[in-house]
Amino acid sequence: MCIRDRLNINAVYGHSPHRLRYLSYNNTSNMFLVKAIFDIPYILVPSAGYYYQYKEIEEKGTSEGFSPLVCTFILVSMIARIFFWTLATAGVPVLLQALVLIASQARVKVSVGRIAVPVPEVYEAQNSFDVACQSPHEAQYLLSLLLVILLILYTFVLHLLTGSLKGNHTYAQLLGAFAALAEAFLAAPQFYRSFATKSTEGLSHKLVLLWTAGDFYKMVYNVVCDEPVQLVIAAGIQLLLDTLILLQTWIHAKEKSLRSKE
């Protein structure tokens, strides 16, 4: 049980010890308020930055600088997390966060799919899937369609496995570890792209800041609320990658500023 759900507020009425009474958060309205204070940032902040990313993609007409593989990692990990949630003793906010993240990634994918970006020579050595996401509009559409089909098949397979192995503790732990591993390294493609191109142009800095803030809060929340250890480890690795990408944006912004002054 989350520590926030164990909180009791003691209120003193009058000066006599006989008039001392305890007010607990068993009261529905108070409990809802306290939970909302803790849960809403946990549910929304990790996905909030993607609003700024898809706005930047649509305004500039290019997704260059942002790795669509980030979206793929999130979709794979969040679908696995939903099935893991049905087996583990995780809180409802863990499920809601997964659903909100899936919706936000679908929105970013729509933005990426609407544009056509030529493939720069610098991307030639990169993963073919990542390159395909930056190819002309027709390939973007076909790739997006293929991704949807693969995700549907992936979800169906997980549904069958989870249904048949519902009481298997080992399966639950492995599923949780897989979901956490995919989530932990979701920012790795973005870090690699920024490193390979030596630029963070096209990557929303607000996205990176909200990544960092959201993952820090998520790690603290998972520890305080006794969520499964896989989620705590994943958030810690995410926070490390977020910090590295934040450092990349600062370095490249400084270099750009120096070049503009020359």
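Start at K198, which sits over the face of F195, 5.5 Å from the ring centre. A charge counts as over a ring if NZ of Lys or CZ of Arg is within 6 Å of the ring centre and within 35 degrees of the ring normal. This is a predicted model: local features need pLDDT of at least 70, side-chain atom pairs count only at pLDDT 80 or more, and totals for chains, interfaces and linings use all residues. Residues are numbered from 1 along each chain as its sequence is written, and side-chain values use heavy atoms, with hydrogens and water left out.

**Stop 1: two loops**

Stay on K198. It lies in the loop between α7 (188–197) and α8. Helices here are DSSP runs (H or I, at least four residues), numbered from the N terminus. K198 is exposed, at 60% relative accessible area. The classes are buried (under 20%), exposed (over 50%) and partly exposed in between, with a 1.4 Å probe and protein chains only. K198 is not a glycine, yet its phi is positive, about 55°.

Now select D226, in the loop between α8 and α9 (229–261). Its phi is also positive, near 55°, and D226 is not a glycine. D226 is partly exposed, at 42% relative accessibility.

**Stop 2: the tyrosine cluster**

Select Y42, Y217 and Y221, which ring pairs link into a cluster. The structure holds five aromatic pairs. Rings of Phe, Tyr and Trp (its six-membered ring) pair if their centres lie within 6.5 Å; planes under 30 degrees apart are stacked, over 60 edge-to-face, and the rest tilted.

Y42 and Y221 are stacked, at 3.9 Å centre to centre with 20° between the planes. Y42 is in helix α1 (residues 28–60) and Y221 in helix α8 (residues 205–224), so this pair ties together parts 179 residues apart in sequence. Both are buried: Y42 has a relative accessible area of 1%, and Y221 is at 3%. The Y217 and Y221 ring centres are 6.3 Å apart with planes at 35°, so that pair is tilted. These two residues share helix α8, four residues apart, about one turn. Y217 is partly exposed, at 27%.

**Stop 3: T212**

Stay in helix α8 and pick T212. Its side chain reaches the backbone oxygen of V208 at 2.9 Å. T212 is buried, with a relative accessible area of 16%.

**Stop 4: the salt-bridge network**

Select R81, E183, D215 and K218, which salt bridges link into a network. A salt bridge is a side-chain nitrogen of Lys or Arg within 4 Å of a carboxyl oxygen of Asp or Glu. The whole structure has three.

Begin with R81 and E183, whose closest N and O atoms are 2.8 Å apart. R81 is in helix α2 (residues 69–87) and E183 in helix α6 (residues 169–184), 102 residues apart. Next, E183 meets K218 at 2.9 Å, N to O. E183 lies in helix α6 and K218 in helix α8, so the pair ties together parts 35 residues apart in sequence. Finish with K218 and D215, at 3.2 Å, N to O. Both lie in helix α8, three residues apart.

Check burial as you go. R81 is buried at 2% relative accessibility, E183 at 3%, K218 at 2% and D215 at 4%.

Note on methods. Polar contact = N/O pair within 3.5 Å; in protein donor to acceptor, adjacent residues only side chain to side chain.
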